[in-house]
Amino acid sequence: MNYSIAFKTIVFKEIYRFLRIWPQTLLPPAITTTLYFLIFGKLIGDRIGTISGASYMDYIVPGIIIMSVISHSYANVVSSFYSTKFQRNIEELLVAPVPNWIILSGYISGGIIRGLLVGIVVALISLLFADFAVHNIAIALSTALLTATLFSLAGFINALLAESFDDISIIPNFVLTPLSYLGGVFYSVAMLPTVWQTISMGNPILYMVNAFRYGLIGVSDIDIQLTFIMMSGFIVTLTLFSLYLLYKGIGIKN
Amino acid sequence: MKALSLGNLRKTYSNGFEALKGINLQVEEGDFFALLGPNGAGKSTAIGIISSLVTASSGSVSIFGHDLKTDRERAKSCIGLVPQEVNFNQFDTVKGIVLNQAGYYGMPRKLALQRTEHCLKQMDLWDRRDTVSRRLSGGMKRRVMIARAMVHAPKLLILDEPTAGVDIEIRRSMWLMMQEVNQQGTTIILTTHYLEEAESLCRNIAIIDEGRIVENSDMASLLSRLHIDHFILDLAEPLKTTPIIDGCQIELISDKVLAIAIPKEIGLNQLFSQLTAQNIQVMSLKNKTNRLEQLFMDLVASK
Ligand SMILES: Nc1ncnc2c1ncn2[C@@H]1O[C@H](COP(=O)(O)OP(=O)(O)OP(=O)(O)O)[C@@H](O)[C@H]1O
Ligand SMILES: [Mg+2]
């Protein structure tokens, strides 16, 4: 059977959803990041000087972009899939001859597109503040893509396992936001005491922030190759786990 | 060809409740089949399993020869489901809901648009196509679900209480629509609590109670098992005493209304000639209860 039509239907539905509610999905990141650039980048950054040879503004731009990609790819899938499940219109997909991997890839694509679109919006805003030549566009783009994929998958699993609307805000508030802030968006881990440097190495977001920063301005605290291996490993694991949950019908079937 | 075949189907929900206790059922291609039973009997559970919304604990489901476990996608393509409860996205438009479903079934855009228009017109919803579905009335929402279920022209249409909460006029038009669809070759499985609806539409019937099939036969032979018919007669003139007719039980409900229980072998002609002989004029007559309803009560109560 040819599933491309079903796949496109899911993806277009997802895109249409976040575009229709753009004041909730696209506008807030534009406002928050403008504030980040103004306050941290300009007001405070001017007094900080440079980190690893980059101006503070240039240093934080990649981290802020990737942080937006993370939170929006995650948020898109978790809220869309959870409300689909909550309203029970997931049943429209379950009765149809749509295999689980199409359901998964449709929702994940929606999350990736939203994440990258927000990333582009934030990047365009950053052009007003920062000024650097892109160091390695391929590394920057592939890091953004893999990051969006990874967090869309995580959002999907969260939505499957969630049993209430509270359950879909726990991970973003208590895991993603802290890990992002501690992921070296606003500082270099080299500035931390050794113990904290070691602890930070356990934070996956640190790797993505640094790989993306390397792609944009050529500065990184972390081995880029290791980042790609880690991201791929996470993506494979989360994909298999999602497919397993779908196969078992966990969270969507009685 | 069997449109549906259930083999020893069982379902125990996660809370330990056994909703289906080994169901065997066959529905022939082209049939108009009634699945009846009291609240909580297990009808929706069975339908849920057939349409992949509920996981069976054990047993087999085969749809037009395609096993639901081993030939899942093909089995699913044969089915159109109208669920008991509204389950579409309340923020989508009527047209969007039906179009999306066509997409999930892999229908190319152009054909999907044609089919959507056709089904919405059939359900008398074409004028409402751009309405956001949460603004529809309950009966309209139900019709949206019927249009959605038919968009891919399924060979087996399963309707779980489609006429609940629908006004008389729409209900009649739904009956016509279901009969028309059935005549065009679509097999229909219908659940309903309106037994006269099942009686007039369906050819075969299964009654399920507490997770077991308690009756499964064709409507005609089931109804012929009723040996006594109950009628209510409206009379032209008031009566003072209850008339007596051999073999019949008669009750004077009010001075101009009689309730009569009459065995099949007596027949209405004999009844009327006796009434005429006693100078009793009958203005109108109706069944006391629906015949199927009587059988149903007997079967479900006799456990
Ligand atoms: N998710 C569930 N968890 C536990 N028990 C359930 C669940 N869903 C249904 N049941 C139970 O299974 C039994 C059968 O329910 P089902 O919905 O199949 O009945 P039904 O025949 O469709 O009834 P109705 O005519 O009221 O729609 C009921 O006792 C119900 O309480
Ligand atoms: Mg039911």
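**View 1. The open sheet of chain B.** In chain B, 6 strands form an open sheet with mixed pairing, in the order S6-S7-S8-S3-S9-S10. Strand S6 (79-82) and S10 of chain B are at the edges with a single partner strand each, so one side of each has no neighbour in the sheet. On average, neighbouring strands of this sheet are turned by 15° against each other, direction ignored. Strands (E, at least two residues) and helices (H or I, at least four) are DSSP runs, numbered from the N terminus; two strands pair if DSSP finds at least two bridges between them. Angles run from 0 to 180 degrees between N-to-C directions, and axes are lines fitted to C-alpha atoms, for helices over the stretch in contact. This is a predicted model, in which local features need pLDDT of at least 70 and side-chain atom pairs count only at pLDDT 80 or more, while totals for chains, interfaces and linings use all residues. Residues are numbered from 1 along each chain as its sequence is written, chains are lettered from A and ligands numbered from 1 in the order in which they are written, and side-chain values use heavy atoms, leaving out hydrogens and water.

View 2. Strands of a sheet pair through backbone hydrogen bonds, either parallel or antiparallel. Strand S3 (residues 32-36) and strand S8 (residues 187-191) of chain B are parallel, with 3 bridges; Ala34(B) stands opposite Leu190(B) in S8(B). Strand S9 (residues 204-209) and strand S10 (residues 212-218) of chain B are antiparallel, with 6 bridges. Here Ile205(B) stands opposite Ser217(B) in S10(B). The hairpin of S9(B) and S10(B) has 2 residues between the strands, and Glu210(B) takes a positive phi near 45°.

View 3. Helix H1 (residues 43-50) of chain B lies across S3, S6, strand S7 (156-160), S8 and S9 of chain B, at about 145° to S7(B). Helix H5 (residues 138-150) of chain B packs on the sheet and touches S6 and S7 of chain B. The direction of H5(B) makes about 175° with that of S6(B).

**View 4. Strands S1, S4 and S5 of chain B.** Strand S1 (residues 2-12) and strand S4 (residues 58-63) of chain B pair antiparallel over 5 bridges, and Leu6(B) has Val61(B) in S4(B) as its bridge partner. S4(B) also runs antiparallel to strand S5 (residues 66-67) of chain B, joined by 2 bridges. Ile63(B) stands opposite His66(B) in S5(B). In the hairpin of S4(B) and S5(B), with 2 residues between the strands, Phe64(B) takes a positive phi near 50°.

**View 5. The interface of chains A and B.** In this interface, 22 residues of chain A are in contact (heavy atoms within 4.5 Å) with 30 residues of chain B. The chains bury about 2,300 Å² between them, 52% of it on carbon and sulfur atoms; buried area is the accessible area (1.4 Å probe) that two parts lose on being put together, summed over both. The count is 1 salt bridge, defined as a side-chain nitrogen of Lys or Arg within 4 Å of a carboxyl oxygen of Asp or Glu. The side chains of Glu92(A) and Arg148(B) form a salt bridge (2.7 Å, N to O).

**View 6. Helix against helix.** H1(A) and helix H3 (residues 94-104) of chain B pack at about 140°, their axes 7 Å apart. H1(A) contributes Ile5(A), Ala6(A), Thr9(A), Ile10(A) and Lys13(A) to the contact, and H3(B) contributes Asn100(B), Gly103(B) and Tyr104(B).
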